[in-house]
Amino acid sequence: MFSLDFLLKGVAAPAGAAFVVALLLRRAGLGSRGIGAVAYAAGQALGTAWMLSGSGDWLPGRNLQWVPWVGVAAAAIGPTVVATGLATVERWLLTIFAAAAAAFVLVPLWPDLWPPRLTSIALFALAATVVARLLDGLVRRSSPRLIALLMAGGSGLAAMLIAASLSLTIGEAALTTAAALTGTAIALSFRSDELSVRGLCLPYTLAVGGWCYVTAIEPPPPAPPLVALLFLPAAPLVVWLTAVGPVSRWSTRRRLVAAALLWLTCVAALSAWAWFSTEGGDEEYARLTQPWHTII
Amino acid sequence: MPSWMFSQAAALLSVGVLAAVLTAPVNAAEPVNVKDGKALLAPDNTRLQFVCAHLGDKPDPRTGTFAKFTGAVEADASTKTLKSLSLEIDANSLTTEIAKLTAHLKSPDFFDTREHPKAGFVGKKFMPGAAAGEFKVTGDLTLHGVTKEISVPVKAAFTGSGLTVTSEFAIDRSEFGMKYGLDKVEKNVTITFVIGEKNKVFSEAGK
């Protein structure tokens, strides 16, 4: 499926770079709100450099080529959104600005785009803003370590689904994002640091949401869009169910287990939806999908 | 990417370097009416398909077609020569037997039809071949946003009721920027073009 070269340069290198940068920034004693975002940006930049060095053209041009650049740009804004002293409305406005700018480059100019471009821009910006802000709130009410790991896990799953359901080219690129997020999440999990993870929420939302969006709309009509992918970046929000209400009064350990189980159930359901929505359903398809068929 | 998908896609797209062979029987085609030296081409009178196979022990070749294209051929029946040939293809109309394979072939891994919705061919030179009715046609083939000059063998038959043209040749897909899975799927894709046969088109759901 993935070549060894890709796994080394496109996955291991970005993950390792993000991990090392996060540790170095923490050791340097710089403000913690930028640690997660900067570490992710370093890993994403390395992954994008690998993509640029390959056969694929990943300079910003068509919508999907913008995603890694959107992720890096969002990493510059993410820590600002969670700066102390900002009013809630200012945090929302900054997030809306970032999400709208991302939507402007991620929503294509295709004449058959549905909903139409302006509507799509508004919907993407609104959805990304709500997800990013709710994630930020969740980090403050739940375990930052857990949320960071769930964001990383969700991004990896999204990349695999993209590769399996539509395109290995896009899936590989999305996996570089997942690798950078994973390296960052592992480094951040060594010490619980709410601000570092909060600063990561916006880049996570725009990068992973970006990959899922560009893939979901990629199949030309009459093929339906891959709607299930659109919900995947929001999967960590199910942890809210353990942060409020009766479950929030459980012991920390029980809450974390419940949160992890909720997330697993959610992503399993979304993955099944994404996978089965792309099936052909004919005999030929069934034969080809049998597990003993040629393995790439 | 599941292996079956990879394989199927591979099977579909290959190509090679212009090593071409004329195989399709001209007499199987129904001559297309030529009016004022020109015949219009469309799926109801022209077959356009491509076949690609996997590398290894199980080639499992797959066939793809395009449901929408337009074109024209100009010919001089008195001298039995071809004068022009052009084809404009809607790449988004690509179909195969398997719906998921169709979606994969349209994706950025192969044709990237969102970015490159048009493909086509414009003939520039029509040189007579070794035998009567045989030609070597040189022209610009555009695929995946890349235009390259190719030369292909063409067999044309002029009858009282019209014209039939048959050509089968291979192209190297990697020369057109389609470099997905070159270690698993043939890079050579065989293209068959027959004026005078109805195109076979698979439904969106496959078959």
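## Ground rules

Two residues are in contact if their C-beta atoms, placed from the backbone, lie within 7 Å. Helices (H or I, at least four residues) and strands (E, at least two) are DSSP runs, numbered from the N terminus.

This is a predicted model, in which local features need pLDDT of at least 70 and side-chain atom pairs count only at pLDDT 80 or more, while totals for chains, interfaces and linings use all residues. Residues are numbered from 1 along each chain as its sequence is written, and chains are lettered from A, and ligands numbered from 1, in the order in which they are written.

Let's start with helix α5 of chain A, residues 117-141. Buried residues of α5(A) are Phe124(A), Ala125(A), Ala128(A), Thr129(A), Val131(A), Ala132(A), Arg133(A), Leu135(A), Asp136(A), Leu138(A) and Val139(A). Here a residue is buried if 20 or more other C-beta atoms lie within 10 Å of its own, exposed if 12 or fewer, and partly exposed in between, with C-beta atoms placed from the backbone. The cover over these buried residues includes α4 (88-106), α6 (144-165), α8 and α10 (240-243) of chain A.

Helix α7 of chain A (residues 168-188) has 21 residues and reaches 29 Å from its first C-alpha to its last, close to the 30 Å expected at 1.5 Å a residue. Of those 21 residues, 20 are buried, so α7(A) is largely enclosed by the rest of the structure.

## Helix α3 and its two partners

Helix α3 of chain A (residues 67-81) packs with helix α8 of chain A (residues 194-216) at an angle of about 155°, their axes 6 Å apart. Axes are lines fitted to C-alpha atoms, for helices over the stretch in contact, and angles run from 0 to 180 degrees between N-to-C directions. That makes α3(A) roughly antiparallel to α8(A); angles under 35 degrees count as roughly parallel, over 145 as roughly antiparallel, 65 to 115 as roughly perpendicular and the rest as oblique. The crossing of the pair α3(A) and α8(A) is right-handed, a term used if the near helix is turned clockwise from the far one by less than a right angle. Residues on the α3(A) side include Val67(A), Gly71(A), Ala75(A) and Pro79(A), and those on the α8(A) side include Gly199(A), Pro203(A), Ala207(A) and Trp211(A). By class, the contact of α3(A) with α8(A) has 15 nonpolar, four polar and no charged residues. For these classes, Ala, Val, Leu, Ile, Met, Phe, Trp, Tyr, Cys and Pro count as nonpolar, Asp, Glu, Lys and Arg as charged, and the others, Gly among them, as polar.

Helix α3(A) also packs with α4(A), at an angle of about 175° and with axes 10 Å apart. The helices α3(A) and α4(A) are therefore roughly antiparallel to each other. From α3(A) come Val67(A), Val70(A), Ala74(A), Ile77(A), Thr80(A) and Val81(A), and from α4(A) come Arg91(A), Leu94(A), Thr95(A), Ala98(A), Ala102(A), Val105(A) and Leu106(A). The class count for α3(A) with α4(A) is 10 nonpolar, two polar and one charged.

## A closer look at Trp211(A)

Trp211(A) lies in helix α8 of chain A. With 32 C-beta neighbours inside 10 Å, Trp211(A) counts as buried. Leaving aside neighbours within four places in sequence, Trp211(A) is in contact with Val67(A), Ala158(A), Ile162(A), Ala174(A) and Thr177(A). Thr176(A) is 35 residues from Trp211(A) in sequence and 11 Å away in space, C-alpha to C-alpha.

## Chain B in outline

Chain B has two helices and 11 strands, and along the sequence they follow the pattern α-β-β-β-β-β-β-α-β-β-β-β-β. Of its 207 residues, 51% are buried. Among contacts in chain B between residues at least 6 apart in sequence, 69% join residues at least 24 apart.

## Backbone points to check

Most residues other than glycine have a negative phi, and most peptide bonds are trans. The bond from Trp114(A) to Pro115(A) is cis, with omega near -5°, and Pro115(A) sits in the loop between α4 and α5 of chain A. The bond from Pro221(A) to Pro222(A) is cis too, with omega near 10°; Pro222(A) belongs to the loop between α8 and α9 (227-231) of chain A.

In chain B, Lys80(B) has a positive phi, near 55°, in the loop between β4 (69-76) and β5 (81-90). Lys80(B) is partly exposed, with 14 other C-beta atoms within 10 Å. His144(B) has a positive phi of about 55° although it is not a glycine, and is found in the loop between β8 (134-143) and β9 (146-159) of chain B. With 20 C-beta neighbours inside 10 Å, His144(B) counts as buried.

Terms used:
The expected span of a helix is 1.5 Å times one less than its number of residues.
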